[in-house]
Amino acid sequence: MKKVAVVTGASSGIGKAIAERMVREGFCVVMNGRSLEAGAGFDLEPRGGSAVVSTADLLLPDTPGALLDTALDSFGRVDYLFVNAGTIESAAIDDIDIEKMCAMMRLKVESSFRLIYTFLKHMKKTGSGHVFITSSVLGTKTRENSGAYAAANYALEALAESLRMELSDTDIQITCIEPGLVRTNLHRDWPVHPQELLHISNALRPEDIADAVMDVINKKDYIRIPRLMILPKGHRI
Ligand SMILES: NC(=O)c1ccc[n+]([C@@H]2O[C@H](COP(=O)([O-])OP(=O)(O)OC[C@H]3O[C@@H](n4cnc5c(N)ncnc54)[C@H](OP(=O)(O)O)[C@@H]3O)[C@@H](O)[C@H]2O)c1
């Protein structure tokens, strides 16, 4: 029986790498991203895997339910949820764009909480599942000018840690992935890329995060990995 995953933020960066890797590994995947076009630009020549695309906006409260329905209608089940879509707003408090900051909080916190709430109800009915949350190393500590972004990730970590305890005797798992700097579109509007600001010679590639996810998926059933921090060499934080 093929396993089924729903991946948000699958049009770019980390989510795209995870979705493509899973399809290549034979999983069935619902890819979500507003800028996706069905089938366009993706390597979908899998070993038996397949993908369907959802372009729904995660800021709409009905989107989590619609994504669950798409997975069930298309593939009959759902085994993995990747709560991954996000933006970053990072600046000194006098300079930050309050509207963009609040939109980030709605996407990274509110829409993530709605997704987790919706999918866990289903996973509890079926008795199994695995929720991966892309938090950040800034879900474990903050730094100057990054309070809001860190707060969004702290919120995800707090919910995940609470759920880990609630679900510890079940076959439903929660894993927070905590990347350091990954070369994606996340910082595309920054005048200077953080790779230069932080003097990191080799940022992580999105594929490095997909590798780590597959390692977690392939571990033995009785092992739980609630948090996984992945940093590039030279990322001091
Ligand atoms: N890159 C890093 O260094 C880094 C480090 C730690 C953690 N993270 C976290 O990793 C996650 C993925 O980021 P990334 O680096 O891969 O960034 P990215 O390349 O910019 O991808 C962000 C994704 O979020 C989706 N998205 C944004 N707004 C959306 C909305 N309203 N509805 C649906 N989808 C939306 C985008 O799709 P559309 O625009 O097509 O909708 C895109 O697929 C984020 O949560 C980020 O905080 C990143």
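**Figure 1. Pairing of Ala 5 and Tyr 80 in the predicted model.** Ala 5 stands opposite Tyr 80 of strand β4 in this predicted model. Strands β1 and β4 pair in the parallel sense, with three bridges between them. Tyr 80 also has a bridge partner in β5, namely His 130. Strands β4 and β5 likewise run parallel and are joined by four bridges.

**Figure 2. The two faces of strand β4.** Which residues of β4 are buried on each side? Tyr 80 and Phe 82 lie on one side, Leu 81 and Val 83 on the other, and all are buried, so that both faces of the strand are covered.

Figure 3. Seven strands make up an open sheet, and their order is β3-β2-β1-β4-β5-β6-β7, with parallel pairing. Strands β3 (50-54) and β7 (227-230) form the edges, each pairing on one side only. From one strand to the next, the twist averages 15°. At the β3 end, β2 (residues 28-32) runs parallel to β3 and is joined to it by five bridges. Within this pairing, Val 29 has Ala 51 of β3 as its bridge partner. Helix α1 (residues 13-24) packs on the sheet and touches β1 (4-8), β2, β3, β4 (80-83) and β5 (128-134). The direction of α1 makes about 165° with that of β1.

**Figure 4. The enclosed helix α1.** Helix α1 has twelve residues and spans 17 Å from its first C-alpha to its last, close to the 16 Å expected at 1.5 Å a residue. Why is α1 described as largely enclosed by the rest of the structure? Eleven of its twelve residues are buried, and therefore the helix is largely enclosed. Among these buried residues are Gly 13, Ile 14, Lys 16, Glu 20, Arg 21 and Met 22. The buried residues of α1 pack against strands β1, β2, β3, β4 and β5, and against helix α6 (206-217). Gly 26, which follows α1, has a positive phi near 100°.

Figure 5. Helix α2 (residues 63-75) lies across β1, β2 and β3 and runs at about 150° to β2. Its 13 residues reach 18 Å from the first C-alpha to the last, close to the 18 Å expected at 1.5 Å a residue. The buried residues of α2 are Pro 64, Leu 67, Ala 71 and Phe 75. These residues cover an arc of only 60° around the axis, which places them on the same side of α2. Their packing partners are β1, β2, β3 and helix α3 (98-126). Just after α2, Gly 76 adopts a positive phi of about 85°.

How values were computed. Residues numbered from 1 in each chain as written. Predicted model: local features only at pLDDT ≥ 70, side-chain atom pairs only at ≥ 80, totals over all residues. Pairing = 2+ DSSP bridges. Axes fitted to C-alpha atoms, helices over the stretch in contact; angles between N-to-C directions. Contact = placed C-beta atoms within 7 Å. Expected span 1.5 Å × (residues − 1). Buried ≥ 20, exposed ≤ 12 C-beta atoms within 10 Å, placed from the backbone. Arc of directions from axis to C-beta.
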